[in-house]
Amino acid sequence: MWREIGDREAGKLRPSSFSNRVKSNRIQTLQLSNQKEIVSPHRGSINSLQVDLTEGRYLLSGASDASAAVYDIQRGTDYDGGGAISKHKPIFVVDKQHENGHKYAVSSAVWYPVDTGLFVTGSYDHHINVWDTNTTQVVMNFKMPGKVYRTAMSSLATSHMLIAAGTEDVQVRLCDIASGAFAHTLSGHRDGVMTVEWSTSSEWVLVTGGCDGAIRFWDIRRAGCFLVLDQSQSQLGRRPPILQRSAANKCPTVKPVLASQSSLGKARAPQRKHSNGNGVKQSSTSKSIKGSMKQRLHPGMLSSHDRATAHYGAVTGLKVTDDGMGSPFCLLGSDSRLRLWDVESGCNTLVNFETVRLQTSRPIQLATSPNSPLAFVPCMTAVKAFDMWSGRTALTFRGHYEHVNCCWFSLQDQELYTGGNDRQILVWSPSRLISDEDEGPVKDVDNWSD
């Protein structure tokens, strides 16, 4: 670390590179925090966790006892151990006793991405509620056709206020907060949709994973999905750099053009010998018309006929990396497989992740770190951090007594929050170096005895 500090002072290291190195080093030292404790009011398993994207200060949780809670993770409510341990009790809790509260388990709880004045909860009672944080009242309600598995809002959206909802119904529904109605539905899955995720580079692109094992990419401005991931399509490792790909792509594009020109010249030569060459031309044009008609099918029809699957079982979780559409992303299925995909090519990168045991009966919330290539995956009673490009287990977090359902990585403090069936929310923080300055002021006491 001192070498990086010296390089930064000498100007050999850019500020962004220095910041990324410091954050990456902090992530490598994550351990169960002995200085921060979340006091959970939930009496059921924790299903969803999220820290707000604006201030990075408020933690939102949803649980199976039909309750949702908000915590201030930067300012503690109580302190133990002489002020060394800060306890964070919920600021407020909404549960079944609330007049507009959910009746069954809260499966998803997300913040409104613009500010902390609103948050959204989805439940197994077939409802999605939009809450006012200041008054803890429901300001909008959407009735869904089945159990709500997952909800998501785009952090990049400036032109819409849509909530993407994955339910046990085959259609993905987009709920519009501005109008209070459904904007439209996305049809293509053949079974329930367990997980939904917005793109990190475009406010119009949505990624969904269903119980049919399919992963579909949608542009909500057009009908049908534009990409379906196929596990039979693969490539080895990551793509080459952009400059190398552009240079490689230029070479093969010239050869087919030259070949097509020479074949046309050879085909035209015998046509001149025939007195009536129109018949040949008409047949070629008719074939081209038929081919063009096949290619101009409605994209919704094409997507409905595409039955490619990314997993042999239900897709229980997915996470898009923060690099955007051209980057890979992680997903896992009920076949206990973790796969890394290249979104640009739509291929499986064939990264051999270590064998893991996963829950298959419910959606799982993954997390990724933008400062290091790590993917945090709940694996039964533990959370494992996998290196996305080697597939090896970099870190293992053990602290829960029962299965872990969700995790969230805080970018501001490089902290990991996990929740499980043991009703507990654990905090994993970077280790602190103990120095003389942290021991407090030294008292001036006499050393001689009476």
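Biologist: Which residue lies over the face of Tyr 124?

Modeller: This is a predicted model. A charge counts as over a ring if, among other conditions, NZ of Lys is within 6 Å of the ring centre. Here the distance from the ring centre of Tyr 124 is 5.2 Å, and the residue over its face is Lys 147.

Biologist: How is the pair of Trp 111 and Phe 119 classed, edge-to-face or stacked?

Modeller: The structure holds ten aromatic pairs. In the pair of Trp 111 and Phe 119, the ring centres are 5.9 Å apart. Planes over 60 degrees apart count as edge-to-face. The planes of these two rings stand at 70 degrees, so the pair is edge-to-face.

Biologist: How many residues apart in sequence are the parts that Phe 142 and Phe 182 tie together?

Modeller: Phe 142 and Phe 182 form a tilted pair, with 6.1 Å centre to centre and 45 degrees between the planes. Phe 142 belongs to strand 12 and Phe 182 to strand 16, so the parts tied together are separated in sequence by 40 residues.

Biologist: What is the volume of the largest cavity?

Modeller: A search of the whole structure finds one cavity of 30 Å³ or more. Its lining includes Asp 95, His 102 and Trp 131. The volume is about 30 Å³.

Notes: Residues are numbered from 1 along each chain as its sequence is written. This is a predicted model: local features need pLDDT of at least 70, side-chain atom pairs count only at pLDDT 80 or more; totals for chains, interfaces and linings use all residues. Side-chain values use heavy atoms; hydrogens and water are left out. On a 1 Å grid over the protein atoms alone, a cavity is a set of points where a 1.4 Å probe fits but cannot get out, and a pocket is an open set with protein on both sides within 12 Å along at least five of seven lines; lining residues have an atom within 4 Å of a point. Grid points are joined across faces, edges and corners, and a volume is the space filled by probe spheres set on the points. Rings of Phe, Tyr and Trp (its six-membered ring) pair if their centres lie within 6.5 Å; planes under 30 degrees apart count as stacked, over 60 as edge-to-face and the rest as tilted. Helices (H or I, at least four residues) and strands (E, at least two) are DSSP runs, numbered from the N terminus. A charge sits over a ring if NZ of Lys or CZ of Arg is within 6 Å of the ring centre and within 35 degrees of the ring normal.
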